[in-house]
Amino acid sequence: MLAGVIRRGFFILPNLSRSFIKLNAPPAMIANLLQEDKVLKRVTQTPKDQKPQFEWSALAVAAIGETVPASIKVSIGGKERDFDSAEIADTVGSALTDLFLARQKEGDIYNETNRQFVQNISKAVTEEIHQRTAQLAEGSSRVGTLNAKDI
């Protein structure tokens, strides 16, 4: 779910058919988008320790507060562990950081608008995960568990 939101909805261009591009977008716009996409791909391949680091995970705690129970489980590689909403904030924040680095706007990365954006996405994804796990656990005494791929 989150991977699809980040890839398709917010940060990386969707796969567009060539006919759509030819009919609806000016050539200069296409060139700019393709150039930005190339730069973004290069930025995403840069090791994390060579990029600015921000405390995106702290924003998840502020956005979610005490509204989501800690009983959400995630299955990764056949093992279960507790869901951590901070990972959602870190994932979204890291993608946002990469986008702003590609656009050469490093000073704008951790501004109020982007912090609010990360909080809103973290909260929405966490609430959706909570609803899904509640549905899975409904009628049983076990804790709802999601596969990591579903997130």
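Here is a short chat about a sheet and some aromatic rings in a predicted model.

Trainee: What ground rules apply here?
Mentor: The model is predicted, so local features need pLDDT of at least 70 and side-chain atom pairs count only at pLDDT 80 or more, while totals for chains, interfaces and linings use all residues. Residues are numbered from 1 along each chain as its sequence is written, and side-chain values use heavy atoms, with hydrogens and water left out.

Trainee: In what order do the 3 strands of the open sheet sit?
Mentor: Strands are DSSP runs of E, at least two residues, numbered from the N terminus, and two of them pair if DSSP finds at least two bridges between them. β2 (79-82) and β3 (145-147) each have a single partner strand, so they stand at the edges. The pairing is mixed, and the order is β2-β1-β3.

Trainee: Which residue of β3 stands opposite Val74?
Mentor: Strand β1 (residues 73-76) and β3 run parallel, joined by 3 bridges. Opposite Val74 you'll find Leu146.

Trainee: Is Trp56 buried or exposed?
Mentor: Buried means under 20% relative accessible area, exposed over 50%, and partly exposed in between (1.4 Å probe, protein chains only). Trp56 comes in at 2%, so it's buried.

Trainee: How many residues apart in sequence are the parts that Trp56 and Tyr110 tie together?
Mentor: Rings of Phe, Tyr and Trp (its six-membered ring) pair if their centres lie within 6.5 Å; planes under 30 degrees apart are stacked, over 60 edge-to-face, and the rest tilted. Trp56 and Tyr110 are edge-to-face, at 5.0 Å centre to centre and 70 degrees between planes. Trp56 lies in helix α4 (residues 56-64) and Tyr110 in the loop between α5 (85-102) and α6 (112-137), so the parts tied together are apart in sequence by 54 residues.

Notes. Helix = DSSP H or I, 4+ residues; strand = E, 2+ residues; numbered from the N terminus.
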